[in-house]
Amino acid sequence: MDDQYFLKKAIELSQQSVDIGGYPVGAVIVQNGAVLATGLSNGKNLHDPTSHAETAAIREAANKLGERDLVNVILYSSLEPCVMCYAASFWAHIPKVVFACSRQKVSQEYYEGNHDIFALNEKGKRKINLVHDVGLEGEALKVIQEWERSK
């Protein structure tokens with residue numbers, strides 16, 4: 001299984017998130033080639049602004065492993081992580097984050113801020129391998145744009 005396999009899983013989760021009234025983002029954390037944790041962007045329904053797909057997956061993975069350092073995992077997200085999710089990945093010591101859709105492709109109305117996680121990453125003393133896999137960007141963007149049109 002490769003990055004695109006797990007990105008497809010994250011995109012499927014983004015649709016599940018929309019289906020339950022959340023935002024169009026899904027995340028998967030993989031360890032040793034197997035899914036360890038998943039997350040939906042369901043903060044609106046949970047009344048929790050920190051409940052983004054990536055943070056939900058990080059919480060689940062940390063709980064399953066019984067530790068906060070996720071040094072042997074890869075985080076896959078259907079959308080480029082926001083600054084909060086990037087920071088959570090940094091503090092969890094996640095070495096690699098792969099995402100399908102860049103923030104430049106989505107409406108600024110729903111993707112807040114002008115931050116650049118790549119620039120933030122360069123300033124940190126510990127770098128995350130940030131990978132924008134454009135191969136599935138259209139598939140992830142389709143879920144996002146359908147959600148945006150419904151608003």
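Q: Which residues of the largest nonpolar core touch the most other members?
A: The largest nonpolar core of this predicted model has 42 residues. Helices and strands that each supply at least two of its residues include α1 (3-19), β1 (23-31), β2 (34-41) and α3 (53-65). The members that touch the most others are Ile29, Leu70 and Ile94.

Q: Which residues does Ile94 touch, not counting residues up to four places away in sequence?
A: Ile94 is one of the core residues that touch the most other members. With residues up to four places away in sequence set aside, the residues in contact with Ile94 are Ile58, Leu70, Val73, Leu75, Ser89 and Ile128.

Q: Why is the pair of Tyr5 and Phe6 edge-to-face?
A: The structure holds five aromatic pairs. In the pair of Tyr5 and Phe6, the ring centres are 5.0 Å apart. Planes over 60 degrees apart count as edge-to-face. The pair has this geometry because its planes stand at 85 degrees.

Q: Is Phe6 buried or exposed?
A: Tyr5, which forms a ring pair with Phe6, is partly exposed at 34% relative accessible area. The limit for a buried residue is under 20%. Phe6 has a relative accessibility of 3% and therefore counts as buried.

Q: Which residues do ring pairs link into a cluster with Tyr76?
A: Tyr5 and Phe6 form an edge-to-face pair. Ring pairs join Tyr76 into a cluster with Tyr5 and Phe6.

Q: What is the angle between the ring planes of Tyr23 and Trp147?
A: The ring centres of Tyr23 and Trp147 are 5.3 Å apart, and the pair is edge-to-face. This pair links distant parts of the chain, with Tyr23 in strand β1 and Trp147 in helix α6, 124 residues apart. Tyr23 is partly exposed at 33% relative accessibility, whereas Trp147 is buried at 6%. The angle between their ring planes is 65 degrees.

Q: Which residue lies over the face of Phe90?
A: The contact is described by a distance of 4.0 Å from the ring centre of Phe90. The residue over this face is Arg126.

Q: How far apart are the closest N and O atoms of Lys64 and Glu60?
A: Four salt bridges are found in the whole structure, one of which joins Lys64 and Glu60. Both residues lie in helix α3, four residues apart, about one turn of the helix. Lys64 is exposed at 53% relative accessibility, and Glu60 is partly exposed at 28%. Their closest N and O atoms are 3.1 Å apart.

Q: What is the N to O distance in the salt bridge of Arg68 and Asp69?
A: Arg68 has a relative accessibility of 55% and counts as exposed. Asp69 is partly exposed, at 28%. Their side chains meet in a salt bridge with an N to O distance of 3.6 Å.

Q: Are Glu80 and Arg103 buried or exposed?
A: The side chains of Glu80 and Arg103 meet in a salt bridge at 3.5 Å, N to O. The pair links distant parts of the chain, from the loop between β3 and α4 to the loop between β4 and α5 (117-123), 23 residues apart. Under 20% relative accessible area is the limit for burial. Glu80 has 4% and Arg103 has 9%, so both residues are buried.

Q: Which residue in β2 is the bridge partner of Val30?
A: Strands β1 and β2 pair in the antiparallel sense over seven bridges. Their hairpin has two residues between the strands. The partner of Val30 in β2 is Val35.

Q: What is the phi of Asn32?
A: Asn32 is in the loop between β1 and β2. Asn32 is exposed, with a relative accessibility of 74%. Its phi is positive, in a residue other than glycine, and is near 55 degrees.

Q: What is the phi of His93?
A: His93 lies in the loop between α4 and β4. With 25% relative accessibility, His93 counts as partly exposed. Phi of His93 is also a positive value in a residue other than glycine, near 65 degrees.

Q: What separation do the C-alpha atoms of Lys125 and Asp3 have?
A: Lys125 is in the loop between α5 and β5 (129-132) and is exposed, with a relative accessible area of 86%. Along the chain, Lys125 and Asp3 are 122 residues apart. Their C-alpha atoms are separated by 26 Å.

Definitions and conventions: Residues are numbered from 1 along each chain as its sequence is written. This is a predicted model: local features need pLDDT of at least 70, side-chain atom pairs count only at pLDDT 80 or more; totals for chains, interfaces and linings use all residues. Side-chain values use heavy atoms; hydrogens and water are left out. A nonpolar core is a set of buried Ala, Val, Leu, Ile, Met, Phe, Trp, Tyr and Cys residues joined through side-chain atoms within 4.5 Å. Buried means under 20% relative accessible area, exposed over 50%, partly exposed in between (1.4 Å probe, protein chains only). Contact means heavy atoms within 4.5 Å. Rings of Phe, Tyr and Trp (its six-membered ring) pair if their centres lie within 6.5 Å; planes under 30 degrees apart count as stacked, over 60 as edge-to-face and the rest as tilted. A charge sits over a ring if NZ of Lys or CZ of Arg is within 6 Å of the ring centre and within 35 degrees of the ring normal. Two strands pair if DSSP finds at least two bridges between them.
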